[in-house]
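This report covers helix packing and a few selected residues. The sequence and the structure are shown first.

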Amino acid sequence: MSDAQDRPAARGPGAAAGGGDTRCGLVAVVGAPNAGKSTLVNALAGAKVTIVSPKPQTTRFRIRAVVMQAGAQIILVDTPGIFAPRRRLDRAMVAAAWGGAQDADRTLLIVDARAGLTEAVRAIAGRLAQSPKPLFLALNKVDLVEPPRLLPLAAELNALLPVAETFMISAEKGRGLDRLLDRLAADMPPGPYLFPEDELSDLPNRMLVAEIVREQILRQTHEEVPHHATVETENWQERKDGSVRVDCTVYVARPTQKAILIGDGGARIKAIGQSARRELEALLERRVHLFLNVKDRPGWDEEHGRLRALGLEELD
C-alpha cells in the first residue's frame with residue numbers, strides 16, 4: 001500500500017510484462033450489507049486491504065484491491081453494502097456502490113446464503129438485471145447452510161438475473177475461491193495492467209490508518225456509536241528512525257457517544273489505539289506512534305466536507 005502521491009498512473013499499452021498478451025479488468029463486488037464482500041476481497045487478495053467487522057455497513061467507500069492470477073490483473077472494487085439510505089452519508093455510500101458497478105468491466109454479486117433472497121437482495125438484483133455487463137453470482141457463507149437449501153436459492157437468483165456463472169463459496173473459510181478466481185482471470189478483457197504487479201491496493205496510507213482505527217471502533221463499541229463515528233488522519237510525520245507519527249481525530253455525532261468512546265479514564269480509546277497501532281505496524285512493517293483525539297460534531301454525516309474526506313461524492 002502506498003500514499004496517494006506515490007500511486008502509479010495507469011500504464012500505457014505494452015508497458016506490462018507480456019505486452020499485448022496481458023488481460024486486465026475491474027470487477028465490482030456488490031451486495032447487501034454484511035454479505036461478506038470485504039472478507040471475500042481480502043481473501044482473494046491474500047492480504048488485508050479493506051476492514052471487516054460483524055456489523056453491517058462497515059465499508060463506506062470504494063476500495064480497489066489488485067490480484068494477479070494466471071497472467072491477468074483483476075482489480076476487485078470493494079463497494080459499500082447497498083441498502084435504503086436515510087442520511088447524506090448513507091446516500092453517498094449507496095451511490096459509491098452503484099458507481100463502482102457502473103465503472104467496472106464485470107460485476108460480482110455476493111449473497112449471504114444464510115439470509116437468502118431478502119427484499120434488499122431482490123432490489124439489488126432488479127437493478128443489476130438492467131445492466132448489459134457480464135454478471136457473476138457468489139453464494140457466500142455456504143458452510144453455514146444445509147446443502148439442500150443452496151440449489152433452490154441459486155435457481156431463484158438465476159431466474160431474476162442473467163448470471164454468467166454461479167459459485168458456492170465461504171470467504172471466511174476459503175472454500176471455492178480458487179475456482180472463482182480462475183474464472184474471473186479467464187474473463188478479464190485484453191489490455192495492459194493498470195497497477196504494478198506487486199501493488200495490493202490503491203488505498204493511501206493516511207486513509208488506511210483512519211480505516212484501521214474505525215475498524216477497532218466497530219469491534220470495541222456497540223449500539224449507536226460505530227455507525228455515528230468517522231476517523232480522519234490529521235497529521236502524518238516521518239521520523240528519522242524510520243518510524244511514523246500519526247494523529248487522527250475521531251468524530252462522533254453526540255457528546256454521549258464521545259463519552260462512550262473515550263471510556264472510564266480514557267480506557268476504551270486507549271484500547272482502540274493500542275489494537276489499531278499493532279495492526280498498522282504489521283501492515284506497514286514499521287513502528288507507528290498513533291495518537292487519537294475524540295470530538296463530538298453533530299451532523300458530521302450531513303457535511304459535504306466530511307464526505308469528501310471519506311472519498312465519497314458530494315450529493316445534493
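In this predicted model, helices α6 and α8 cross in a right-handed sense. The axes of α6 (residues 205-220) and α8 (residues 267-284) come within 9 Å, with a crossing angle of roughly 135°. The two helices are therefore oblique to each other. On the α6 side the contact is made by N205, L208, V209, I212, V213, E215, Q216, I217 and Q220. These meet R268, A271, I272, S275, A276, E279, L280, L283 and L284 in α8. By residue class, the contact of α6 with α8 divides into 11 nonpolar, four polar and three charged residues.

L208 lies in helix α6 and is buried, with a relative accessible area of 4%.

The contact of α7 with α8 comprises six nonpolar residues, no polar ones and one charged residue.

Helix α1 (residues 37-45) is largely enclosed by the rest of the structure, because seven of its nine residues are buried. The buried residues are K37, S38, L40, V41, N42, L44 and A45. Their cover includes the strands β1 (23-31), β2 (63-69), β3 (72-78) and β4 (106-112), as well as helix α5 (177-187). Just after α1, G46 takes a positive phi of about 75°.

T107 is found in strand β4, one of the elements that cover α1. The residues that T107 touches, leaving aside those up to four places away in sequence, are A28, V30, A101, L128, P134, L135 and F136.

The loop between β6 (163-168) and α5 holds G176, and S170 is found in that loop too. The side chain of S170 makes a polar contact with the side chain of D143, at 3.0 Å. Not counting residues up to four places away in sequence, S170 touches N140, K141, V142, D143, R175 and L177. With the sequence neighbours up to four places away again left out, G176 touches M168 and I169. G176 and A138 are 38 residues apart in sequence, and their C-alpha atoms are 9.6 Å apart in space.

| Residue | Relative accessible area | Class |
|---|---|---|
| T107 | 3% | buried |
| S170 | 1% | buried |
| G176 | 34% | partly exposed |
| L208 | 4% | buried |

Technical notes
Residues numbered from 1 in each chain as written. Predicted model: local features only at pLDDT ≥ 70, side-chain atom pairs only at ≥ 80, totals over all residues. Heavy atoms only, no water. Axes fitted to C-alpha atoms, helices over the stretch in contact; angles between N-to-C directions. Helix = DSSP H or I, 4+ residues; strand = E, 2+ residues; numbered from the N terminus. Parallel < 35°, antiparallel > 145°, perpendicular 65-115°, else oblique. Left-handed = near helix turned anticlockwise from the far one by under 90°. Contact = heavy atoms within 4.5 Å. Nonpolar A, V, L, I, M, F, W, Y, C, P; charged D, E, K, R; others polar. Buried < 20%, exposed > 50% of the residue type's maximum accessible area, 1.4 Å probe, protein only. Polar contact = N/O pair within 3.5 Å; in protein donor to acceptor, adjacent residues only side chain to side chain.
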